[in-house]
Amino acid sequence: MSRLDSHIRRVTAQRDILNSIASDVTGMEGPIIELGLGNGRTYDHLRGLFAERRIVAFDRALNAFRGSIPDAEDLVIGEIRDTAARFAGVEAALVHSDIATGYSEIDDVTATWLPDITVPLLRIGGFAVSGIPLDHERLRRLPVPPGVATDRYFLYRRL
Ligand SMILES: C[S@@+](CC[C@H](N)C(=O)[O-])C[C@H]1O[C@@H](n2cnc3c(N)ncnc32)[C@H](O)[C@@H]1O
């Protein structure tokens, strides 16, 4: 598979999973947390799915498209491992993480701390959607929608 094919599969999986849980998330209180703002394409999609909802986006640097930059109070710049901990207890309805690099030596390390960052951000019953597996006793893995490749993108619910 080419890197282009792989990229398309990743962003398609991301979009399809987010769309599949949108009505459940809409029925739940709490902000949306976007870990890895990047260009802001997913942030823009989340804004479309969850109009009026607070979306707080995190990244180590601001490189988003001008129209997809959150307001200053909803943009957190720095290493997520440090900055997200400050939002523990925020009772998010959804935490989406798109911070995989494709380098297994980096992503394997991220997988050791990302679950422990994610769980305290979530309300009970809240959703976690991630490109990196989140192995944690407080997260129950859910099946992804039909058509999404297994183990390409991951969906969980906070117990
Ligand atoms: C794949 S991009 C996200 C793309 C985004 N979904 C979009 O629609 O443009 C990943 C982003 O996460 C950020 N990132 C990765 N690991 C991070 C970390 N540990 N702390 C802060 N930012 C991180 C990178 O700087 C990058 O902008």
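User: How many nonpolar, polar and charged residues are in the lining of the largest pocket?
Analyst: In this predicted model, local features need pLDDT of at least 70 and side-chain atom pairs count only at pLDDT 80 or more, while totals for chains, interfaces and linings use all residues. Residues are numbered from 1 along each chain as its sequence is written, and side-chain values use heavy atoms, with hydrogens and water left out. Ala, Val, Leu, Ile, Met, Phe, Trp, Tyr, Cys and Pro count as nonpolar, Asp, Glu, Lys and Arg as charged, and the others, Gly among them, as polar. The lining of the largest pocket then has nine nonpolar, 13 polar and 10 charged residues.

User: Which element gives the largest share of the lining of the largest pocket?
Analyst: A pocket is an open set of points on a 1 Å grid over the protein atoms alone, where a 1.4 Å probe fits, with protein on both sides within 12 Å along at least five of seven lines; lining residues have an atom within 4 Å of a point. Helices here are DSSP runs (H or I, at least four residues), as are strands (E, at least two), numbered from the N terminus. At least two lining residues come from each of helix 1 (3-26), helix 2 (41-49) and helix 4 (104-118). The largest share, nine residues, is from helix 1.

User: What is the volume of the second largest pocket?
Analyst: Grid points are joined across faces, edges and corners, and a volume is the space filled by probe spheres set on the points. For the largest pocket this gives about 970 Å³. For the second largest pocket it is about 290 Å³.

User: Where does the ligand sit?
Analyst: A molecule sits in a pocket if more than half of its atoms lie within 2 Å of the pocket's grid points. Around the ligand are 15 residues (a heavy atom within 4 Å), and the closest include Asn39, Thr42 and Asp59. The ligand's place is the second largest pocket.

User: Which residue has a side-chain N or O atom 2.7 Å from a nitrogen atom of the ligand?
Analyst: Polar contacts are pairs of N or O atoms within 3.5 Å. Thr42 places a backbone N or O atom 2.8 Å from a ligand oxygen atom, and a side-chain N or O atom of Glu79 is 3.3 Å from a ligand nitrogen atom. The residue at 2.7 Å is Asp98.

Terms used
A polar contact is a pair of N or O atoms within 3.5 Å; within protein, one must be able to donate a hydrogen and the other to accept it, and residues adjacent in sequence count only if both atoms are side-chain atoms.
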